[in-house]
Amino acid sequence: MKKLVVLGLTAMIALTACASGEKTANETATASPDGAGSPKSAKLSLNWSVANVFLANVTLPSADKDFVKKAIEEKFNVDLKIDYMAIGKEYHDKLNASLAGGSVPDLFIAAGAESQKYISDGITTNLSTFFTPETMPNYYKWVSKEEVDAFQPKQGEFTRAIMPFQRNAYASWYIRQDWLDKLGLKPPANYAELTDVLTKFTKGDPDGNGKQDTYGFTAAGSGQSLPLDFPQWLNNGFVADFMIADNTFVDNRSDLKVQGVIDQVVEWNKAGIVDPDWFLNKSPAHVDKAAQGKVGMIFSTGDKTMALDSVPTSLQNRTKALNPEANWQPIYPLDQPVMWKNNVPENTILVSKTTADKSPDKVKRSLEILDWLTSEEGFLLTHYGQEGKHYTKSGNKVTLNVEAFDTDIAKAGNWLNVYGVFTPDEPRVLGLEFNDPRISEHDYAILKTIEDYPKHNALPPVSLIPPAGINIGDFRKEMNKFHIKAVLEDESGKNWPQYREELMTKFKGREIFTEYTSQLNASLKDKKLNDFK
Amino acid sequence: MAAEPIAAREKKSIDSRPWRQGKLSSVYRSRWFYLMMVPGLIYYILFHYVPMAGTLIAFQNYNLMKGIWGSSWVGFDNFRIIFDNPEFLQIMRNTLIISIYKIIGNMVPDVILALMLNEVRVRWFKKTVQTITYGPYFLSWVIVYGLAFSFLAPGSGLISTFVRDMGWGQIDLMADKNFFRPMLVLTEIWKNTGFGAIIYLAALASINQELYEAAVVDGAGRWRQLWHITLPGLRDVFVLLLIIRIGGILDAGFDQVFIFLNARVYDVGDIVDTWVYRYGFERLEFGVAAAMGVFKSLVGLILVIGANKLAKKVGGSGIW
């Protein structure tokens, strides 16, 4: 009996070992490059890792329902494994963990700052031979060669491609219009009016439940930072994260005038009009609170669907589910000349050096797929679904078939977003006109309002890179720590000048931004910025 | 395991053959047991000993693409980076304090719960309590954080709301420097005590019942029995767990701290492992992260050996 048990155990282990060995052998066979013959002659397994802001609550359906995967695999004779996640720190941590484990995805997306480290560590390959306007004609409809060139960390080299990005910025604050109406208030148009309105949202029982359980404003600080959602930033003249003011480069969050921002945020906190959870809220917890009818105003940097009736998962519809009276409207509650910056390329498409060295065919095939995804055919499939079923097309006019789209895509985990990451939802770039029957006059008006908010070009198109050996992440971590310390512990901006000096010296802010200034000067040519102080 | 050397010793005294031969034949006789050990040994070699070669990167400027063989050697530079780092003293202090809090705060409740359960005579009640108390062990820290947040969030938390509604003011315990470490210990007690008690319950079950009978005959009450029989019976297991825990003193619980940490409590909550994570996974400086790992393991090894010696001196038994 004893012998039998032992033999059984040993046999099991041996079998397991064989089984995994066999699998590896198979994979190698499929993966091996086929130098000769047409590029599609051998089936290749590709491994991609993609991310953008629209992948937070997205799940891919089962393989039989995933018509995009099927189309790609049939068209390009590949086996495509695609990892996806909302872009942010967690995505990069996950990516780094798989890089550390030695498995670099064949093609992956990374944010601008992170890509610099991957490039300098030699994880990515030189793309100049692969990514030409001849080989990628469709991709270059979305971004220009000049933009791609200016985006390189080292001029003259081509190491990262721009992820096609939305040109229109859709940053906006949103306010509960029904609360304003109920309390008989005018939409605020400057900081004093805004403070007054939000105070009434907190104290005036706008939801009429007889309890003082609402707040004027909330945000998501993730336990780390003082987010740009707070209108105090803009009220003190800081537009988004960087800008050029008085011919000087300004890193908004570490500028001396942040003292004013801190003081005003503290005033709001003390007045009790900001949800006290704002600091610990992890995104999208602040949107959830807004949907629960607990908050009267929030901010979004790019989700244009917030106040739309036509999107089933919009903040508007989620709030309405609890309170049919709810009415979110975009608002620009300040009297500043510029509200936000025009979008600039932020995320990058990178290709693994290991893949490029070992099987260049995989790179070629990956980029063929990428180019197809950015073509009209790919764009339509990855944004609107299958022709005839989810949309109809006559000439350049595309009309959505709402019912089929909702059943197969929107309510099935909004999964088209995974494949749609490579192109923003801007059909006009391809000369298409999109007609969504769900979008009412009401929604068009909202989109128009948001599009028309005043924006500026923050910086010339150049990628800013900190001096060698300095990690901007360390600087930002300390900066955030000081913001929070000033707001929640000191409860005053009085110590900010001293904190700022520490950031500039001990944490090398001055070195970093002096370097940024000289990089900007190099690209500006005709004029020269003042020295960073 | 313990049977092997005794068998060998006995064999040696009665057998005139050379020692080596005797050993070999004893191995041969127990060959099936040795064969059964093989999978375990393979596991340890593959997953615990082979990766130790990776500590080489602690002495390298490690580059992912160049790998261990291609990266340049930098001697002790990575260790210098660690010890010169202004954060070093702070993270060591935090790690040690949190660890010691946890050792004390975790081992004692385990024993107490086990003792209490042991006194319960109603079987169904004992089983129910045991199941309820060890349930939380299977929750991940993310969920525990979610629970803690829904109780303690300054605006919407249950406890915070209660305190506010009672007119006792606004509390913000999750971002409070003074409360952060106690919160780690409390949540860990809540999560792990039920499971920790199982080991002591097993030890309690192995205490010879005749001892209790003899004590009762001698007129010992419940407390006397506890003091003279139960606690001494638990001593070996307690010391064993203590030694193991002391070896891991620089592991203050990465998952938990990483999830609970926020910018206001960095000063009291940033530990060695969160630092390693930042260096390794956020900055991709694996050499420095690995150097910290080597340092941690060395400290752990010294402490385990030290604690074992001390345990032997004081109580007569250690791990080896």
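**Cores, domains and the chain contact**

Guide: In this predicted model, the largest nonpolar core holds 163 residues, and those with the most contacts inside it are A:I109, A:Y174, A:M297 and B:M292.

Visitor: Why is this set of 163 residues called a nonpolar core?

Guide: A core is made of buried nonpolar residues joined through C-beta atoms within 7 Å, and a residue is buried if 20 or more other C-beta atoms lie within 10 Å of its own. A:I109, A:Y174, A:M297 and B:M292 belong to the set, so each of them counts as buried.

Visitor: Which residues is A:Y174 in contact with, leaving aside its neighbours within four places in sequence?

Guide: They include A:M297, A:I298, A:W328 and A:P330.

Visitor: What makes up the contact of chain B with chain A?

Guide: The contact takes 25 residues from chain B and 30 residues from chain A. On the side of chain B, α3 (31-49) and α15 (272-282) each give two or more residues, and α3(B) gives the most, with 4 residues. By class, that side has 16 nonpolar, 5 polar and 4 charged residues.

Visitor: How do you know that domain 1 of chain B touches domain 2 of chain B?

Guide: The domain assignment gives domain 1 (1-75) and domain 2 (84-315) in chain B, with 32 Å between their centres, taken over C-alpha atoms. Contact requires C-beta atoms within 7 Å. In chain B, 7 residues of domain 1 are in contact with 6 residues of domain 2, so the two domains touch. The side of domain 1 has 4 nonpolar, 3 polar and no charged residues.

Definitions and conventions: Residues are numbered from 1 along each chain as its sequence is written. Chains are lettered from A and ligands numbered from 1 in the order in which they are written. This is a predicted model: local features need pLDDT of at least 70, side-chain atom pairs count only at pLDDT 80 or more; totals for chains, interfaces and linings use all residues. Ala, Val, Leu, Ile, Met, Phe, Trp, Tyr, Cys and Pro count as nonpolar, Asp, Glu, Lys and Arg as charged, and the others, Gly among them, as polar. Domain bounds come from an automatic or database domain assignment. A residue is buried if 20 or more other C-beta atoms lie within 10 Å of its own, exposed if 12 or fewer, and partly exposed in between; C-beta atoms are placed from the backbone.
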